[in-house]
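Q: I would like to learn how to read a model of this kind, one feature at a time. Could you take me through it, giving the general idea before the particular case?

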Amino acid sequence: MSFLLGFGYFSCLLVALEFYVVEWNMLRMRSGQINILHGEMMMQKVAPSLVELCIRTAIDNVRYLGDVGETDIDLLGQILPHCTVDQLMHIENSTKDRDLSPVTDKLWKKFYELQFGAKNTSLVVDRMKQKRVTFKWKDLYEAKQKDVDEAQQKSIDRFKQRFKKEEDRKQSRQVQLCTKVPPGSKRSFFGGGPGNNFSNVKSNIMKKAKMQVVNSREVQNLAAMRKSALQRGYSVSPMKKPSGFPNNSLASTSKSTKPMERRLSFQQQTEEHYTGTEIQLF
Amino acid sequence: MKKEDTVKLISAEGFEFVVDENAAMVSQTIRNMLTSPGSFAETQHREVTFPEISTTILEKICQYFYWSLQFASGKETEFHIEPELTLELMMAANYLHT
């Protein structure tokens with residue numbers, strides 16, 4: 001019971017203490033611009049210095065900074081820590097006549113650590129000690145960034161290659177449309193009988209086999225067509241001409257044969273096209 | 001304003017800014033120039049030339065002097081600085097210890 005009371009008293013004391021500490025800190029922080037807090041304290045209001053105001057404005061506008069050639073080193077030391085990597089890079093590159101390293105070297109070291117890790121940073125430091133050389137951290141940063149970018153680009157290229165390979169492989173396995181060989185053109189030659197040019201066909205055995213097949217079918221179809229044509233009369237049915245149909249061969253046959261036969265051969269070829277497409281020996 | 005209460009500040013281009021003595025003394029450098037016994041010619045003529053400070057910047061500095069006095073007397077407003085003046089103004093302010 002007494003312990004609880006004591007605890008309560010103690011916590012009250014702590015709260016009061018905190019309150020005073022906070023107030024005291026507030027007073028201390030605003031040393032340049034002390035406001036009258038309670039009305040009892042008479043404090044002199046001091047305007048912030050122009051230098052201070054300029055520094056604040058510069059920090060706010062750090063992204064617009066370029067050539068800082070003539071600015072005092074101490075002032076730069078207050079402003080530049082507020083830059084990002086790109087902003088700092090831009091400023092350093094724009095300030096051509098002046099080496100900003102005294103201020104920026106430690107900033108670059110920090111960027112190096114943020115970007116590439118503490119481990120890498122200590123590694124670099126050790127290496128520099130071993131070889132007794134010092135490099136500017138800006139140069140180290142740029143070099144490392146370049147390496148990283150190159151490695152990344154390489155791996156992207158590798159990926160692209162593999163993807164392309166896979167794509168090509170898939171493509172090669174698809175059925176591809178080569179130039180349409182009109183099915184009937186060769187058949188009309190074959191159907192012509194002996195003395196025809198079989199030079200398009202490669203082997204002799206195949207020539208013979210083809211001749212047999214085609215001839216037999218043609219004869220059958222021819223017979224069938226003649227029958228139906230006689231029944232129907234001289235009506236010309238609209239026929240779909242295959243696009244790559246060589247007109248010369250048709251013309252040659254039509255010249256020598258009579259009109260009726262011409263029509264028949266035309267129909268027959270079309271029929272052949274529909275029934276004989278599996279024979280693609282070319 | 002009596003002549004004794006004013007100071008003339010001259011820019012690099014030759015522009016003359018006549019300001020109150022109190023205002024000018026916001027700058028520690030100017031204060032030293034005017035109050036130190038005898039060594040500065042400025043003390044007698046109450047004229048200070050700033051060959052490195054351009055007119056625009058000097059004008060802004062004079063504005064700051066008055067703003068600073070205003071602030072100290074209770075009227076707290078914001079002193080706006082154009083971004084393009086910042087660096088030059090900062091250097092001039094540094095030189096003038098203001």
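**Reading the two chains**

A: Among contacts in chain A (contact means heavy atoms within 4.5 Å) between residues at least 6 apart in sequence, 63% join residues at least 24 apart, and in chain B the corresponding figure is 62%. This is a predicted model, in which local features need pLDDT of at least 70 and side-chain atom pairs count only at pLDDT 80 or more, while totals for chains, interfaces and linings use all residues. Residues are numbered from 1 along each chain as its sequence is written, chains are lettered from A and ligands numbered from 1 in the order in which they are written, and side-chain values use heavy atoms, with hydrogens and water left out.

Q: How many helices and strands are there in chain B, and in what order do the elements run?

A: Helices (H or I, at least four residues) and strands (E, at least two) are DSSP runs, numbered from the N terminus. Chain B has five helices and three strands, which run β-β-α-α-α-β-α-α from the N terminus on, whereas chain A has 11 helices and zero strands.

Q: Which strands stand at the edges of the sheet, and why is one side of each left without a neighbour there?

A: Two strands pair if DSSP finds at least two bridges between them. In chain B an open sheet of three strands has the order β2-β1-β3, with mixed pairing; β2 (16–20) and β3 (47–49) of chain B each have a single partner strand, so one side of each has no neighbour in the sheet. Strand β1 (residues 6–10) of chain B pairs with β3(B) in the parallel sense over three bridges, and L9(B) has V48(B) as its bridge partner in β3(B).

Q: Which residues have the most contacts inside the largest nonpolar core?

A: In soluble globular proteins, nonpolar side chains tend to be buried together. A nonpolar core is a set of buried Ala, Val, Leu, Ile, Met, Phe, Trp, Tyr and Cys residues joined through side-chain atoms within 4.5 Å, where buried means under 20% relative accessible area (1.4 Å probe, protein chains only). The largest one has 60 residues, and those with the most contacts inside it are L50(A), L80(A), L9(B), I30(B), F50(B) and I61(B). Helix α4 (residues 55–72) of chain B gives the largest share of this core, eight residues.

Q: What is F50(B) in contact with, leaving aside its neighbours within four places in sequence?

A: The partners of F50(B) beyond that range include L9(B), I30(B), L58(B) and Y95(B).

Key. Buried means under 20% relative accessible area, exposed over 50%, partly exposed in between (1.4 Å probe, protein chains only).
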